[in-house]
Amino acid sequence: MASIYDPIKIGTMELPNRFVHAPTVRNNADEHGYLTERAIRDYLEGARGGWGLYQVSASFPHPEGNPFRCMVGIHDSQSVLGHQRVVRNFHLEGMKVSCQILHGGAICDPNMTGHPAVSATEKGSVYGIPCKALSTDEAEERAQMYVDAAARIQEAGYDAVNVHSCQGTLIQQFMSPYTNTRTDKFGEDRGLFPEMVAKGIKERCGQDYPVIWRLAAHEFMEYLGEPGYTEEWGKTIAQRLEPYVDCFDVTGGRIGFTAMYAFPSPYPERATRVHLATEIKSVVKVPVMGVAKIMDTKIAEDVVASGRCDLAMMCRPAIADPWFARKAIEGRPEDIRKCIACNVCLQCLWDQQYVNCAVNPTYGKEEQMELKPAIRPKKVMVIGGGVGGMETAITCAQRGHRVDLYEKDEELGGLLQHVASTHPRLNTRDLRNIVDYHIAQVEKTEGLTVHLETAVTAELVENENPDAVVVAVGSGEKLPEIPGIDLANVVTNEDYLRSEGEMEIGDTVVVIGGNYGAETAVSLARDGKNVTMVEESDTVNRPVYSVDLYARLFQLDGYVKDENITVLTETRAVEINGEGVVVENAEGRKTLPADSVIIAWGRQPRVECYEALKGKVKEIYKIGDCKEVRSVEWAIAEAANVSRQI
Ligand SMILES: Cc1cc2nc3c(=O)[nH]c(=O)nc-3n(C[C@H](O)[C@H](O)[C@H](O)COP(=O)(O)O)c2cc1C
Ligand code: SF4
């Protein structure tokens, strides 16, 4: 039985273990794709992270193929120079490193690249601008671009090249029956374009130069009722490419269409695309990497030990903790900051911003955020034991302050842990990852004392006489002022979440608030309840702890439809009475029958604590939801900043 801690060979390349860092665009190059000093430093953190193989960002082979502002390029001889410095840093650390070639084709924005978006046909654009369908000669030129870029990657000294033929980029546009309806040789044979690329790279770089092929083995286009290939064709193309490929790195889905299969949200099960790696592994002899939601060491160990794939690859888990592999190898998995699959990082890409992480506030800012010992150790009181409060307390204590962390409930973790436990059928349990990490760190951090079941009063603060106070008490439920809100069958979403779904709820439920309440609505519908969501705005399905990302919303939207939840948007609840909820919209008034009513109208900052202490202590800060209701990302980012200021 193989272990993830075992060495493995990819062609001629020997890896010390099977933890693989996925190629990860960070938008950290300059506007022309050249690696900046900052980008070169960015990779240092990963270079020390213990990975068997680190795969550097997708890099465009020509500016027309660049889908993101500030994505890395490998497009000319000047670009090679920056890559050489990256490689040197990895080799100094004794690490193996590869680089990926990505031509975006249809997913590029012509307004950004200054070139037309090119593709197999006019279809496939994500910007609503028809693509320029490449002629046969032009398609051959594009295949050659990959080969030339691979030669530059080899020249830069990388140990291997990775070819991006997934997530709906140019090669997949040629492989897909959705985008490739051509009538020339590339249309008659959808495998020809990838074969030209793979064969060309081997011929140019030599048989011994390792080629990793990043394959979308399934497009999942049936989700949209559009043509797409499935794993059967995925297996066929893998077999055809195998003579030119030393390893398959297997994923699925395509950007702009079925992105949720490529970048899964919290809802799909863990290790969710590894089944595709297993399919490919069943037909090839070369090693196969599995990816997607390999959230912790246990899953990573299991996917390899069970033989489902040969190597475990991580992208977002490696953003959340670039030292994931190293900590696993050192036997301290509790020290890994684990990803919650919230996709803040992915949203940064689409916003054309430098990539941030919701749970790792130092990602890409390691130098700027370096922890420096406090010049004058202080007595610090942190009020609120959610993730923001815990992050503050840990960081302050690590800097040498004496910290007391107060939580009014009987356990640390705030509302997030209850969301994690309430929706088992939505897999939100991975939201607990960050709570568990923080609790483990609170327990092992010296100079930090926890006070549970302790509500902080002005008197307590006066007696303790701290040098600094950080208020991190979060948000509370926002209640509409309507008659009937106090009736016995009315509960808040927070009540429901705190009961972790154990609360008695009637068969017919009205959820007032279709965004914050969407997950609760789906959970209840899956329990067999008849659910209606009433929402004043024109949108639904935007839970508050995360960003409004299309991949996630698409899915929640789908669940709401699948569960036959009635959705009333632009509708206001005006009264709750013995029969149900009286609502009003453009069509007039009506009563929705309800046995139970759940108020999920939104959250509001808890301001009382800060207001009561303001002016009474030397230094006072507020962070997270008690400042303004936003996602987990903000609570942790503000905690990280404030705890470095004190
Ligand atoms: C911020 C970000 C950048 C990514 N960059 C790349 C990339 O450069 N090349 C690539 O093939 N996939 C890229 N991906 C996709 C990941 O490699 C991976 O397949 C996907 O995120 C699912 O795996 P995970 O759950 O381990 O993140 C990126 C994903 C994210 C979130
Ligand atoms: S931003 Fe969210 S999804 Fe991305 S790495 Fe961080 S925790 Fe994971």
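This dialogue reads a few features of a predicted model.

Student: Which residues are closest to ligand 1?

Tutor: Ala22, Pro23, Ala58, Cys315 and Arg316 are the closest. In total, 23 residues surround the ligand.

Student: Which elements give two or more residues to that shell?

Tutor: Strand S4 (53-60), helix H12 (316-320) and helix H14 (344-350) do. H14 gives the most, with three residues.

Student: How do the shell residues divide into nonpolar, polar and charged?

Tutor: The shell around ligand 1 has 15 nonpolar, five polar and three charged residues.

Student: Now a helix. How do I read the side chains along one?

Tutor: Start with the general idea. An α-helix has 3.6 residues a turn, so residues three or four places apart point the same way. Now take helix H7 (residues 192-205), which has 14 residues. From first C-alpha to last, H7 reaches 20 Å, close to the 20 Å expected at 1.5 Å a residue.

Student: Which residues of H7 are buried?

Tutor: Phe193, Pro194, Met196, Val197, Ala198 and Ile201.

Student: What covers the buried residues of H7?

Tutor: The cover includes helix H4 (136-156), strand S9 (160-165) and helix H5 (170-175). It also includes helix H6 (185-188), strand S10 (211-216) and helix H8 (231-241).

Student: What follows H7?

Tutor: Glycine 206 follows H7, and its phi is positive, near 100 degrees.

Student: Is alanine 292 buried or exposed?

Tutor: Count C-beta neighbours inside 10 Å. A residue with 20 or more is buried; one with 12 or fewer is exposed. Alanine 292 has 29, so it counts as buried. Asparagine 564 has 9, so it is exposed.

Student: Last, a sheet. How do strands pair?

Tutor: Strands of a sheet pair through backbone hydrogen bonds, either parallel or antiparallel. Here, three strands form an open sheet in the order S23-S24-S25, and the pairing is antiparallel.

Student: Which strands stand at the edges?

Tutor: Strand S23 (572-576) and strand S25 (588-593). Each has a single partner strand, so one side of each is left without a neighbour in the sheet. Neighbouring strands of this sheet are turned by 30 degrees against each other on average, direction ignored.

Student: How many bridges join S23 and S24?

Tutor: Four, in the antiparallel sense, with S24 running over residues 580-585. As an example, isoleucine 576 has valine 581 in S24 as its bridge partner.

Conventions: Residues are numbered from 1 along each chain as its sequence is written. Chains are lettered from A and ligands numbered from 1 in the order in which they are written. This is a predicted model: local features need pLDDT of at least 70, side-chain atom pairs count only at pLDDT 80 or more; totals for chains, interfaces and linings use all residues. A residue is near a molecule or strand if its C-beta atom, placed from the backbone, lies within 6 Å of it. Ala, Val, Leu, Ile, Met, Phe, Trp, Tyr, Cys and Pro count as nonpolar, Asp, Glu, Lys and Arg as charged, and the others, Gly among them, as polar. Two strands pair if DSSP finds at least two bridges between them. Axes are lines fitted to C-alpha atoms, for helices over the stretch in contact, and angles run from 0 to 180 degrees between N-to-C directions. The expected span of a helix is 1.5 Å times one less than its number of residues. Two residues are in contact if their C-beta atoms, placed from the backbone, lie within 7 Å.
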